[in-house]
Amino acid sequence: MCNLYHVSPKGDLTTYFRALPPEGLVAGPVGPFGVGAFLRRVDGELRCTLGQWGLIRPGQPERIDYLPAKPGPSGKTLKPRPRSTNNARLEGIETKPTFKAAWKAGQRCLVPAQWYQEPNWETGRNVWWQLRRAGGLPWALAGLWSEWVDPQTGEVVPNFTLITCNCDTHPLLARLHKPDPALPADGQDKRSLIHIEPEHWAQWLEGSADEARALIQPPPLALFDLADARRTDELLAAQRAASA
């Protein structure tokens, strides 16, 4: 699951997406419940909107939902934790309360990203990979958007989530995240974000649910800049040499 990505700069929005950057856009890293940007089709054009990264369940009384408190390892009660809604698993997207209304309404969006971050544990410790596109183009990540109205103030809060799918067999993405030794390699349920190419933007944003589902798959290996993978390969080779 992705918990950090870098918002595309204004230049990418104007040249790649042909969209007007919204006032207040800051190109930089954003984490869950931070402010990012998403693109949707309005009057035949892509419109960029600032919003909270983390979909807000319809009817939710507060802007951020929380998991209930529970006993910690020492028996001390831990504080409630924010419920993670910045990623939406494809499996169950039509039935889960937070996502089903946006999916049914066809509220699909593109999230412009310079890179997104995932952990690699092949060396025995976490090595963060910043997944960029080969050639420096931005990602157009598939997401859902919504608007939540604060019941106390009436404020309309745009919000969005990134959709993920399984990538256990992907030659690059299957290397990410800490594996579960009790599960086979093809049963880890590693997750991938979904990139939408420009020729498919209309299908994603305005097509039927079935047409949109047909686009949900991990990006092909050729789209990735492999710099972080090569650095990790060098670390692994050094480890093998040291233990020889």
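**Exercise 1. A charge over a ring**

Find how far Arg 40 lies from the ring centre of Trp 145, over whose face it sits.

*Solution.* Keep in mind that you're working with a predicted model. Start with the ring of Trp 145: Arg 40 lies over its face, 4.3 Å from the ring centre. Now try another pair: Arg 108 lies over the face of Trp 103, at 6.0 Å from the ring centre.

**Exercise 2. Aromatic pairs**

*Solution.* Step one: know what to look for. A pair of aromatic rings is described by how far apart the centres are and by the angle of the planes.

Step two: search the whole structure, which gives 8 aromatic pairs. Tyr 16 and Phe 17 are both buried, and together with Trp 201 they make up one aromatic cluster.

Step three: turn to Trp 139 and Phe 224. Trp 139 belongs to strand 10 (residues 139-149), while Phe 224 is in the loop between helix 4 (209-213) and helix 5 (227-243), so the pair ties together parts that are 85 residues apart in sequence. Trp 139 and Phe 224 are buried too.

**Exercise 3. Buried or exposed?**

Decide whether Gly 54 counts as buried or exposed, and do likewise for His 6.

*Solution.* The cut-off you need: buried means under 20% relative accessible area. Gly 54 has 0% relative accessibility, so it's buried. You'll find Gly 54 in the loop between strand 4 (45-53) and strand 5 (66-67). Skip its neighbours within four places in sequence, and Gly 54 is in contact with Thr 85, Asn 86, Asn 159 and Phe 160.

His 6 comes out at 13%, so it counts as buried as well. His 6 sits in strand 1 (residues 5-7). Leaving out residues up to four places away in sequence, what His 6 touches includes Ala 27, Pro 112 and Trp 115.

**Exercise 4. The cavity**

Say how many cavities of 30 Å³ or more the structure holds, and what lines the largest cavity.

*Solution.* Count first: there is 1 cavity of 30 Å³ or more. The largest cavity has a volume of about 60 Å³. Of its 13 lining residues, the closest to the centre are Leu 55, Ile 56, Gln 60, Asp 65 and Thr 85. Sort the lining by class and you get 4 nonpolar, 5 polar and 4 charged residues.

Terms used: Residues numbered from 1 in each chain as written. Predicted model: local features only at pLDDT ≥ 70, side-chain atom pairs only at ≥ 80, totals over all residues. Heavy atoms only, no water. Helix = DSSP H or I, 4+ residues; strand = E, 2+ residues; numbered from the N terminus. Buried < 20%, exposed > 50% of the residue type's maximum accessible area, 1.4 Å probe, protein only. Contact = heavy atoms within 4.5 Å. 1 Å grid on protein atoms, 1.4 Å probe; cavity = no way out; pocket = protein on both sides within 12 Å on 5 of 7 lines; lining within 4 Å. Points joined across faces, edges and corners; volume = space filled by probe spheres on them. Nonpolar A, V, L, I, M, F, W, Y, C, P; charged D, E, K, R; others polar. Phe/Tyr/Trp six-rings, centres within 6.5 Å; stacked < 30°, edge-to-face > 60°. Lys NZ or Arg CZ within 6 Å of the ring centre and 35° of its normal.
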